[in-house]
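Subject: Structure handover

Hello,

Here is the structure for you to work with. My notes on what turned up follow below it.

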Amino acid sequence: MSRFGRYFDGSEGANEAGGPIGNSSRGCCDDEFSQLTKIKSAPHEHLSRTSPGKARLPISPVKMLLGRECNYNGRGRFSTSDACHVLSRYLPVNGPSVIDKMRSRTYVSQFSADGSLFIAGFQDSHIRIYDVDLGWKIHKDIQARSLRWTITDASLSPDRRFLVYSSVSPTAHIVNVESAAKESLANVTEIHEGLEFAAEIDNYDEYSLGIFSVKFSNDGRELVAASSDESIYVYDLAAKRVNLRIPAHMSDVNAVCFADESGHIIYSGSDDHLCKVWDRRCFINRGQAAGVLIGHLEGITFIDTRGDGRYLISNGKDQSIKLWDIRKMSSDVNYTSRRHYADWDYRWMEYPEQAKNLRHPDDLSLATYRGHSVLCTLIRCYFSPAYSTGQKYIYTGSTDGSVYIYDVVSGDQVAKLDFHGEPVRDCNWHPCYPMIVSSSWDGIIASWEFPGKGEDSMLVKRTRRRRRVFY
């Protein structure tokens with residue numbers, strides 16, 4: 001049997017779970033998820049009865065407005081799902097407009113919860129906070145400290161008062177965003193307090209622990225961090241100490257997040273190809289994960305929660321995004337995944353052509369989305385905003401310098417925002433407006449909108465640098 005023999009390919013049963021694998025996506029075949037998504041973004045049935053005959057989705061905005069004015073739904077206004085049905089039709093695909101250009105790679109970016117601020121972290125130790133409502137004026141320019149290689153993550157607190165940033169180091173730092181100083185130079189103009197995620201260390205240069213992902217809890221009292229020592233850390237900001245360390249995986253933990261507002265459930269993703277679910281309420285007694293999500297063939301680069309404590313998505317080095325329902329997770333918490341192509345390294349090699357048609361025989365995911373590229377760096381993916389789209393899309397950066405948008409139910413690629421000349425490591429959809437901001441290794445932060453500003457801010461697409469293939 002060949003090294004690929006244990007995995008399905010496109011000609012041996014791969015279509016049974018919902019369509020061809022290959023380079024195409026496998027849409028969601030879970031009726032409950034599809035129905036929940038429809039409820040969040042479907043119009044009221046009476047709003048479509050503005051003309052005879054059976055209503056066909058999507059309903060035009062004119063008909064929706066007519067139904068609202070005639071009070072067909074009995075409310076006299078749009079419901080949240082009505083508004084999502086209108087707004088989700090207008091994808092932010094016009095542009096781009098260049099917000100800023102630095103001489104350093106952009107690694108991380110994030111909108112604040114209300115969309116008024118935007119954070120971007122660069123490899124040269126800079127973090128810039130932009131005021132979106134004031135025409136992207138720089139609100140604060142932060143010069144980070146104790147940086148090793150790059151800023152790996154940055155997270156803004158829910159109340160927008162504090163920013164935490166991490167590096168390939170056991171210490172994260174917290175900055176007061178609301179202070180009067182516009183220029184924040186670490187421990188010169190402002191204090192960047194260090195948050196220690198490891199015991200006392202004599203020599204940082206020889207210590208290998210690095211933090212790849214850090215996130216605030218919804219109440220802003222805790223941080224959860226993913227590290228290179230195969231562990232997850234939960235940090236209590238009031239007590240200023242780590243209150244929980246979980247030996248979580250068999251390799252680097254690249255991504256972590258809280259599942260919902262309660263903060264009890266934590267999701268993690270690792271280079272051991274697995275996503276795991278952790279319930280803090282029973283971890284002390286059990287000392288192990290609540291369950292394992294099996295399906296990726298290579299390491300996990302990022303995870304994003306839907307916020308309901310049930311569903312999440314993960315981006316993988318097998319060039320796919322997967323949708324998960326934690327109620328379908330495996331109880332085999334000691335499951336060990338093996339690399340089926342051990343010589344491949346995503347940092348400088350193209351993904352093997354013969355591996356693109358493979359599918360894990362124990363795949364527990366609800367859907368698989370393909371088309372983008374996950375190479376060179378830890379590319380990030382997200383659900384689209386609940387307020388404006390009902391989370392009916394997922395979107396991701398890509399090594400080819402583009403942003404890809406997929407329909408979460410059908411799996412279809414609905415848009416591709418193609419501009420950058422280097423990998424788009426992070427991208428962010430405004431929580432309220434039809435706007436996507438792409439952050440790339442070419443140092444450019446660009447915004448895509450609907451309907452746009454009526455002008456072509458960039459007429460020439462940037463030239464991409466060719467990548468060498470070594471395998």
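Threonine 301 is buried, at a relative accessible area of 1% (buried means under 20%, exposed over 50%, partly exposed in between, with a 1.4 Å probe and protein chains only). Before the rest, the ground rules. The model is predicted, so local features need pLDDT of at least 70 and side-chain atom pairs count only at pLDDT 80 or more, while totals for chains, interfaces and linings use all residues. Residues are numbered from 1 along each chain as its sequence is written, and side-chain values use heavy atoms, with hydrogens and water left out.

Threonine 301 belongs to strand 19 (residues 300-305). Strands (E, at least two residues) and helices (H or I, at least four) are DSSP runs, numbered from the N terminus. The side chain of threonine 301 reaches the backbone oxygen of isoleucine 379 at 2.8 Å. Leucine 378 is 77 residues from threonine 301 in sequence, yet the C-alpha atoms are 4.7 Å apart. Beyond four places in sequence, threonine 301 has contacts (heavy atoms within 4.5 Å) that include Asn254, Ala255, Val374 and Leu378.

Lysine 322 sits in strand 21. Is lysine 322 buried or exposed? Lysine 322 is buried, with a relative accessible area of 3%. Its side chain makes a polar contact of 2.8 Å with the side chain of threonine 368. A polar contact is a pair of N or O atoms within 3.5 Å; within protein, one must be able to donate a hydrogen and the other to accept it, and residues adjacent in sequence count only if both atoms are side-chain atoms. Leaving aside neighbours within four places in sequence, lysine 322 also touches Arg26, His296 and Asp363, among others.

Aromatic pairs

The whole structure holds 17 aromatic pairs. Rings of Phe, Tyr and Trp (its six-membered ring) pair if their centres lie within 6.5 Å; planes under 30 degrees apart are stacked, over 60 edge-to-face, the rest tilted. Tyrosine 393 and tryptophan 429 are stacked, at 6.2 Å centre to centre and 10 degrees between the planes. Tyrosine 393 is in strand 24 (residues 393-396) and tryptophan 429 in strand 27 (residues 424-429), so this pair ties together parts 36 residues apart in sequence. Both residues, tyrosine 393 and tryptophan 429, are buried. Tyrosine 404 and tyrosine 406 are stacked too, at 6.4 Å and 15 degrees. Ring pairs also link Phe302, Tyr382, Tyr393, Tyr395 and Trp429 into a cluster.

Cores

The largest nonpolar core has 30 residues, of which Tyr267, Ile303, Leu312, Ile405 and Trp429 touch the most other members. Such a core is a set of buried Ala, Val, Leu, Ile, Met, Phe, Trp, Tyr and Cys residues joined through side-chain atoms within 4.5 Å. Apart from it lies another core of 27 residues, among them Ile142, Ala144, Val175 and Trp441.

Helix 1

Which residues of helix 1 (residues 31-41) are buried? They are Phe33, Thr37 and Ser41. Down the axis they fall within an arc of 55 degrees, so they line one face of helix 1; the arc is that of the directions from the helix axis to the C-beta atoms. Asp31 and Ile39 are exposed on the other side of helix 1. The buried residues of helix 1 pack against helix 3 (80-87), strand 20 (311-316), strand 21 (320-325) and helix 5 (386-389).

Best regards
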